[in-house]
Amino acid sequence: MLISCRNIKKSFGDKVVLNGIDLDICRGDRIGLVGRNGAGKSTLADILTGSSTADAGTITSSRQRIKVGYLRQAEDARIFRDIIINEIGMSGELQRLTSHLGVTGFSDLQEEQLVQLSGGEKTKLALAAVWAAQPDLAILDEPTNHMDYQGVEYLIQELQRFPGAVVIISHDRFFLDKTVSRIAEIENGTITIYPGNYSDFRVTKQQLRESQWHLYQSQQKEQRKIDQAIEQLKTWSEKAHRESRRKGQGIKGGKEFFRKKAKKRDQAVKSQLKRLERMRQEQVERPAADPRVQFQVNFAAKGSRRVLEADSISKAYGEKILFTDSSFYINRGEKAGIFGANGCGKTTLVRIILGQEELDEGQLFVSCSAKIAYISQELPQREPESLRDIIRDWPVDQQKQLMQLLIALGLSYDRFQVALGQLSRGERMKIAMGLAIWGENDLLILDEPTNHLDVYSREALEESLLQYPGTILLISHDRYLLDRVCDHMLVFEQQQVKRVEGQLTDYLNRKREDKKADPVATSAEERLILETRISRVLSELSLLKPDRPEYAALDQEYQELLRQRSRLIREDHS
């Protein structure tokens, strides 16, 4: 066991965030840490890494010193520069990792240039630094935020090879399914461990909720029976007391007989009352149901069948070609995903659709009747108005329906009166999404709408987009979201934008099968993986002395990898 946490507690003012957390982390563990925004996931990560201290509880480790690598959600340029200075001499490991993640030439960048890196590039650089440090425990907080498909796939491969323990804080359900073997959910300040990946966790939790609901209903039914019995016994008791006074008169010993009979009724009532009280004290709590999105939008389809049509369009910046000679269309009412690597031109295409940029060649038709709502990754800052201010003049029933939608998306009612500029990015994204869905828009263009949303809010967003009757263009790296919402894709591939029918997973599976059928591509990919493993083993060997017990095992692994590389080279030349 690497780390054992017992009864960890943490509060901020009057707000209790962690209330008695128990968690054991062993070598090789793959733990997914999930919970709603603000549940305390990052707080627990800070405590585990020593960045913050707990108010109470103990953390013990099996070794005197454990090396921890920590990927935070947001890293600034100074941290990147420190990473480079400290790690650049480590046998080229950092450079190798960053190049495989798609970030090259970073060591020549100045601090002001580091600030200008995209969110995906910053995440990749910070991740490479974590791996290069070769920690015993890696804690990754939202590692796939802004990460493209290729980056996520490479990260999954790195995690499969990484020998240490990993705690992953993520709302990316596909990524969790591919990487973790346990889910730790923080809810109401406590933690519950579930075996399996995220999909297993959701199934198990739903089964537990259904079981709890069944038990709760059974107890409520039993309590109603006891209530009815108590009422009946009270009626009989009152009747017995009246009869004891009336029938006992003139009969020797009769008054005492009927009084005893009335007391027995009283005792029966008290017994049932005690039973009911015990049941209420021990009863199962009513399970909190997941909020469901249910709404009706005043929406009427109008205009031509084609909302969007591109004819041989091209766009480049200098010598960098984003896409060329691309033709595609989007029909009214379709829900289409936009998929491609970071920097391929997805956001540029959206800016062209919105009329904010011009094409180099070709024509792009956008229906003049289409009312477009665009939700960008970059949300406005410091807005003084609250949601209440924005919708003050709306009809009362529409205000109520919008608030119900936002609550289902995970926004607390008490946040409706807070200035938007004082809300978190996740809260502002929920409000922007709610206003766009509820507005009189028939084309929604969404650029990474799930960034900063927890898994529960993502599921609610899926429900709302599925119910939305208009047209959707959705840029996202969230595979679950794209597969569930979109049945058409615009894919950036080989400097072209292509329309693909069906779900993203179907398209990627076809690509994977095509790659397997191409022996040259398969061999090149195997060589790349082998070279990566060889470099990693060499790096680990350089840090060990030959007399260390793990040195022999690593040296044996290194020799085996060299034999595999030789075999591939022979096959390539045969």
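1. Start with Tyr 198, which sits in helix 8, the stretch covering residues 198-247. This is a predicted model, so take everything below as read off computed coordinates. Is Tyr 198 buried or exposed? Its relative accessibility comes out at 2%, and since the cut-off for buried is under 20%, Tyr 198 counts as buried.

2. What does Tyr 198 touch, once its neighbours within four places in sequence are set aside? The list is Arg 173, Leu 176, Asp 177, Ile 183, Val 455 and Glu 459. Val 34 is worth a look as well: it lies 164 residues from Tyr 198 in sequence, yet the two C-alpha atoms are 9.1 Å apart in space.

3. Which residues make up the contact of helix 13 with helix 14? From helix 13 come Lys 430, Met 433 and Ile 437, and they meet Ser 457, Leu 461, Ser 464 and Leu 465 of helix 14. By class, that contact has four nonpolar residues, two polar ones and one charged.

4. Three strands form an open sheet in the order 11-10-13, and the pairing is antiparallel. Strand 11 (320-331) and strand 13 (361-366) are the edge strands, each of them pairing on one side only. On average, neighbouring strands here are turned by 15° against each other, ignoring direction.

5. Helix 10 (residues 346-353) packs on this sheet and touches strand 10, strand 11 and strand 13. The direction of helix 10 makes about 125° with that of strand 10.

6. How many bridges link strand 10 with each partner? With strand 13, strand 10 (residues 306-317) has five bridges, and with strand 11 it has eight; both pairings are antiparallel.

7. Over to Ser 4, which is placed in strand 1 (residues 3-12). With a relative accessibility of 11%, Ser 4 counts as buried. Its side chain makes a polar contact with the side chain of Asp 24, at 2.8 Å. Leaving out residues up to four places away in sequence, Ser 4 touches Leu 23, Asp 24, Thr 58, Ile 59 and Thr 60.

8. Last, the whole protein. There are 18 helices and 18 strands, and 46% of the 574 residues count as buried. Among contacts with a separation of 6 or more, 69% are between residues 24 or more positions apart.

Conventions: Residues numbered from 1 in each chain as written. Predicted model: local features only at pLDDT ≥ 70, side-chain atom pairs only at ≥ 80, totals over all residues. Heavy atoms only, no water. Pairing = 2+ DSSP bridges. Helix = DSSP H or I, 4+ residues; strand = E, 2+ residues; numbered from the N terminus. Axes fitted to C-alpha atoms, helices over the stretch in contact; angles between N-to-C directions. Contact = heavy atoms within 4.5 Å. Nonpolar A, V, L, I, M, F, W, Y, C, P; charged D, E, K, R; others polar. Buried < 20%, exposed > 50% of the residue type's maximum accessible area, 1.4 Å probe, protein only. Polar contact = N/O pair within 3.5 Å; in protein donor to acceptor, adjacent residues only side chain to side chain.
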